Amino acid sequence: MRSLLKRDLSLAIRAGGGFGLALAFFLIFVSLVPFGIGPDTGRLSDIAAGLLWLGALLACLLSLDRIFQLDWEDGTLDLIATSPLPLEAASALKALAHWLTTGLPLVFAAPILGLMLNLPPAAFPWLIASLFVGTPALSIIGTFGAALTVGIKRGGLLLSLLVLPLYMPTLILGALTAARGGQGLDATTPLLLTAGITLGSAALLPFAAAAALRVNLR
Amino acid sequence: MVDLGQYAVPVLSAYAVTIALLVALVAGSIWRARRVARALAEVEARRGRGASS
Amino acid sequence: MASIWEYANPRRFMATSGALLPWVAAIAALCLIGGLIWGFFFTPDDFRQGSTVKIIYVHVPSAIMAINAWLMMLVASLIWFVRRHHVSALAAKAAAPVGMVFTLIALFTGAVWGQPMWGTWWEWDPRLTSFLILFLFYLGYMALWEAIENPDQAADLTAVLCLVGSVFAILSRYALVFWNQGLHQGTTVTTAGVGVEEGVSSVFLYPMLTVLTGFAFLFLALVLYRTRTEIRSRRLKALIAQERMA
């Protein structure tokens, strides 16, 4: 188990793929926003929380097809499937590796980019907390989507189409947490609901992802 | 004709679009069904000959 | 004793659905045409909404059937998982475009109704937004069916997607209620059964129920018809594959 996780992490770091790329995308997305919306700091601070969440979601989406694609192409996935490790655990580990290489860096990058977007000071703790509990859900749901589309050539666009509606509840609640925090309100309830989505998907979706992988490996 | 008052355009367009979409759905289903049925009949006829000869 | 599973046999399904189809289609056409004419020409205007009240005769039935279509796909996917009946998987595939068109009708009629009533074409209101999400789910589901070549794999994967999608559709619904209270009124149709003065008045209710029956039978007819097409298409593919092998 640990070796699979270690392998995925080292691959992601050495290939320079997931780690840097998603972070760079996040940075570019956020710095492009003022060009589209205008440099008015008041307006930017109103929408900063939602934008950071949206950016994190898109950056996450961008790296999803790498979760299984390479392992599928070189046959590693067949080895993983025949190993004593259950496929459910393998897909949960894949999601964890994806989160550690994309979600977690985004959580740390978000406050810096929040400064650039003039995010209200009160929103910072809520933004970090909501990203911290919400991005794992993005990785887990994304792993399920990647498992569904792993056998399809050029499935990247289809993957986005399938995964984005599934991201909706996480995005709504996560962005709501940060936005309410920014208005000086207590945002504990949406934060807890975001955590609920993460825990619920962590409990159930690895089974769905493993079922999809088994079908694809048949 | 019924008097629709000031809301004639929304009401009529709602009905028109609904009917157009339903007709398109039915027509599409029928078109595909005919095409598949024709292709299947062709292949079955061909195979029927092949088996007898 | 004949059980419902007998119809899982494609041959039995073809025979029965072929016999049933003209009747179902006739009822659908009768209810739809009759109900729409009744609703359009022979109902009074609402004193607040004016003639826009006529839009509910298409809006509410299509919205109800759009959700029911997804539920039917969910049940069919579950049956496919548990009992591996191909007809069930094909019926789910056949239902998706029908449900998608119903969702589109509900969205469009809602928009043209909202424009004069709420003064806006589109409002980010929980009900409207959930229907948009439902529409996206239908699109994704159909795209996944199209993308996979092996029919059994496609059936399995879309069934998994349908199950997971259902859970997330419900989650979205509640998240959206939390997010924005919205303009859309509550469900007035169900209250109509209890007390007429509370819900929709019976003048509007009966034509609407007729159209709803029409939509339900239209859905049934189209699903039967399209499932027949899918079965034929599957047989065609199998025959062509056999010819290639020979």
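Read along the sequence, chain A runs α-α-α-α-α-α-α-α-α, and its secondary structure comes to 9 helices and 0 strands, where helices (H or I, at least four residues) and strands (E, at least two) are DSSP runs numbered from the N terminus. This is a predicted model, in which local features need pLDDT of at least 70 and side-chain atom pairs count only at pLDDT 80 or more, whereas totals for chains, interfaces and linings use all residues. Residues are numbered from 1 along each chain as its sequence is written, while chains are lettered from A and ligands numbered from 1 in the order in which they are written.

**Overall form of chain A**
- The C-alpha atoms of chain A fill a box of roughly 55 × 35 × 30 Å along the principal axes.
- Of the 218 residues in chain A, 53% are buried, meaning that 20 or more other C-beta atoms, placed from the backbone, lie within 10 Å of the residue's own.

- Among the buried residues of H3(A) are Ala48(A), Ala49(A), Leu52(A), Trp53(A) and Ala56(A).
- The largest nonpolar core has 152 residues, of which Ala49(A), Leu52(A), Ala56(A), Phe144(A) and Ala212(A) touch the most other members; such a core is a set of buried Ala, Val, Leu, Ile, Met, Phe, Trp, Tyr and Cys residues joined through C-beta atoms within 7 Å.
- The largest share of this core, 16 residues, comes from helix H3 (residues 86-118) of chain C.

**Contacts between chains**
- In chain A, 22 residues are in contact with 21 residues of chain C, a contact being a pair of residues whose C-beta atoms, placed from the backbone, lie within 7 Å.
- On the side of chain A that touches chain C, H8(A) gives the most, with 10 residues, and the residues of this side divide into 18 nonpolar, 3 polar and 1 charged.
- Here Ala, Val, Leu, Ile, Met, Phe, Trp, Tyr, Cys and Pro count as nonpolar, Asp, Glu, Lys and Arg as charged, and the others, Gly among them, as polar.
- Chain C also has 29 residues in contact with 23 residues of chain B, and H7(C) supplies the largest share of that side of chain C, 11 residues.

Technical notes
A residue is buried if 20 or more other C-beta atoms lie within 10 Å of its own, exposed if 12 or fewer, and partly exposed in between; C-beta atoms are placed from the backbone. Two residues are in contact if their C-beta atoms, placed from the backbone, lie within 7 Å.
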